[in-house]
Amino acid sequence: MKDAYKVEGIEELIVNTGLVDVVTNKIRDKIHTGALAPGQKLIVREIAEELKISQTPIKEALNRLIAEGYVEAIPRKSMIVKRISYHEYQDNMEIRMMCELFAIPTIISYSQQHPELVTIMEENIKQMRAVLDAPELDYDKWLKLDFYFHRHYMETVDNQAFISFYTSLRANRYSYFAFLDENKHPLSRKHLQLDNDEHHLILEAVREQNLSKLTAAVHEHIMRPRMDLDVGAQARQRIENVVKLYQQESNGI
């Protein structure tokens, strides 16, 4: 993709931000939209030539993206757009399900004492709605808002080690890029609308302080993207087993 990094009038872009920020944002945006495909090699010299800047800010930008999980360094000092394998995605989603099911009783209990949680979640959904209504989808903003929607209610668990572990999963990004890798195009507005509809169901369950309803909403929200990826009956059964174990424990079996 010869023009994948090309920036028109880059001097005008660098007003209140640094060059590394501009380059980082540009490459990240190309990854979000699929202009830079999963597994594609990133060559510092070529990027520098296309942007007509030195290699140093390119290297710094790529290092940032490695830390963020967008780029992967491979042997012999090459860098590629990170590819999410099916097994990585499967493992990530199972762990995410375990974490969120574990947190549900605490979320319900917390919401009874802190009604502001619902207000925060409502505002987050409102901002995601604005992204959907915009003429051009801002995938970077969407992924950040999606991350914080779940982070808001998961932080009700007063255990910093647990929160740090959950955050490190980057679960929404795994779903996004697994879909992108398999389908060769980013999520459509229709997919994102389904995502936000499911957020509404989670919000309503928290508002009603309904444990069983929240369990069902979380389960549906995590399971539904798997249908898009056609992960197969065996994979679906594995995650269903996690849910059954949770339900048995919740019922005191």
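Reader: Hi! What is the mean pLDDT of the protein chain?

Author: The mean is 84, and 82% of the residues reach 70 or more; pLDDT is the predictor's confidence in each residue, from 0 to 100. This is a predicted model, where local features need pLDDT of at least 70, side-chain atom pairs count only at pLDDT 80 or more, and totals for chains, interfaces and linings use all residues. Residues are numbered from 1 along each chain as its sequence is written, and side-chain values use heavy atoms, with hydrogens and water left out.

Reader: Where is confidence lowest, and where highest?

Author: Helix α1 (residues 10–13) is lowest, at a mean of 46, while helix α6 (residues 116–133) is highest, at 96. Helices here are DSSP runs of H or I with at least four residues, and strands are runs of E with at least two, numbered from the N terminus.

Reader: Nice. Switching topic, what order do the strands of the open sheet have?

Author: The three strands run β1-β3-β2, with antiparallel pairing. Strands pair if DSSP finds at least two bridges between them. The edge strands, each pairing on one side only, are β1 (41–42) and β2 (71–74).

Reader: How many bridges join β1 to β3?

Author: Two, with β3 covering residues 78–81. Leu42 has Met79 in β3 as its bridge partner.

Reader: And which helix gives the largest share of the lining of the second largest cavity?

Author: That is α8, with three residues. By class, the lining has four nonpolar, three polar and two charged residues; Arg96, Phe147 and His150 are among them.

How values were computed: 1 Å grid on protein atoms, 1.4 Å probe; cavity = no way out; pocket = protein on both sides within 12 Å on 5 of 7 lines; lining within 4 Å. Nonpolar A, V, L, I, M, F, W, Y, C, P; charged D, E, K, R; others polar.
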